[in-house]
Amino acid sequence: MRLKVSALLVFAGIGWSQPFTAGVKVGLPLTDFVNTVSGQSSAVTNRYLVGPTAELHLPFGLAIEVDALYRHFKFQDVTSNIPGNPGYVGPPVTSVSFLNKAGAWEFPLLLKYRFHGELVRPYVDAGMAWDRITGVTSTISGVVPNPEALVQTYNPIGETHSTTTGFVMGGGLDIHLVVHIMPELRYTRWTSQHFNISNVVNSNQNQAEFMVGVTF
């Protein structure tokens with residue numbers, strides 16, 4: 001038993017001393033990427049984040065981390081077909097619905113500090129992030145009284161900023177046996193919205209996530 005514990009401590013010591021580690025990070029959003037008004041919009045999808053992660057280890061428990069995280073989302077909205085509303089196409093259409101689909105790439109750059117420990121080291125991190133929307137499509141459908149689809153176009157609707165920046169802070173645990181397993185809670189405050197459609201659908205500037213990184 002003592003031999004096994006000693007071996008684990010040796011491997012952990014080697015792992016802490018590596019100057020560079022890389023791997024993958026997955027996340028579960030704790031907040032919606034897109035806010036919607038109940039009864040007027042639906043079908044918000046925001047189920048995962050995933051992407052590569054890398055870390056440069058510095059002296060005194062410090063490190064620099066960079067991630068490239070991808071998410072996919074969509075939302076649907078139905079509005080009356082009146083002038084001024086999104087997707088207005090004119091008579092005889094009675095209502096208009098649009099389905100937006102997009103992906104988003106998030107690039108956090110963080111300064112991390114690890115507290116002392118043998119196999120488990122708590123850590124805190126903070127820094128900046130850049131988020132870019134890609135592949136936006138909006139399918140707009142107009143409905144007439146019979147009802148039949150009258151209009152269908154593909155044109156991004158409601159996008160205000162394709163790129164935004166934010167402040168990031170978080171904390172977690174670095175559990176090192178053979179690989180580093182790092183569960184973390186992370187919060188991001190974005191400086192601007194990606195979407196804002198008549199105050200019915202808008203992107204959330206407050207983002208909370210549960211992340212798990214695995215690095216080698």
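**Ground rules.** I number residues from 1 along each chain as its sequence is written, and my side-chain values use heavy atoms, without hydrogens or water. As the model is predicted, local features need pLDDT of at least 70 and side-chain atom pairs pLDDT 80 or more, while totals for chains, interfaces and linings use all residues.

**Ring search.** I searched the whole structure and found 4 aromatic pairs. Rings of Phe, Tyr and Trp (its six-membered ring) pair if their centres lie within 6.5 Å; planes under 30 degrees apart are stacked, over 60 edge-to-face, and the rest tilted.

**F33 and F73.** I looked at this tilted pair, with 4.8 Å from centre to centre and 55 degrees between the planes. F33 sits in the loop between β1 (20–29) and β2 (34–36), and F73 in strand β6 (residues 69–80), 40 residues apart. Strands here are DSSP runs (E, at least two residues), numbered from the N terminus. I find both F33 and F73 buried. Buried means under 20% relative accessible area, exposed over 50%, and partly exposed in between (1.4 Å probe, protein chains only).

**Y70 and W105.** Their ring centres are 5.2 Å apart and their planes lie at 55 degrees, so I log the pair as tilted. Y70 is in strand β6 and W105 in strand β7 (residues 95–114), 35 residues apart. Y70 has 23% relative accessibility, so it counts as partly exposed. W105 is partly exposed at 33%. Y70, W105 and F107 form one aromatic cluster.

**A charge over a ring.** I found K112 over the face of Y123, 4.3 Å from the ring centre. The rule asks for NZ of Lys or CZ of Arg within 6 Å of the ring centre and within 35 degrees of the ring normal.

Definitions and conventions: Helix = DSSP H or I, 4+ residues; strand = E, 2+ residues; numbered from the N terminus.
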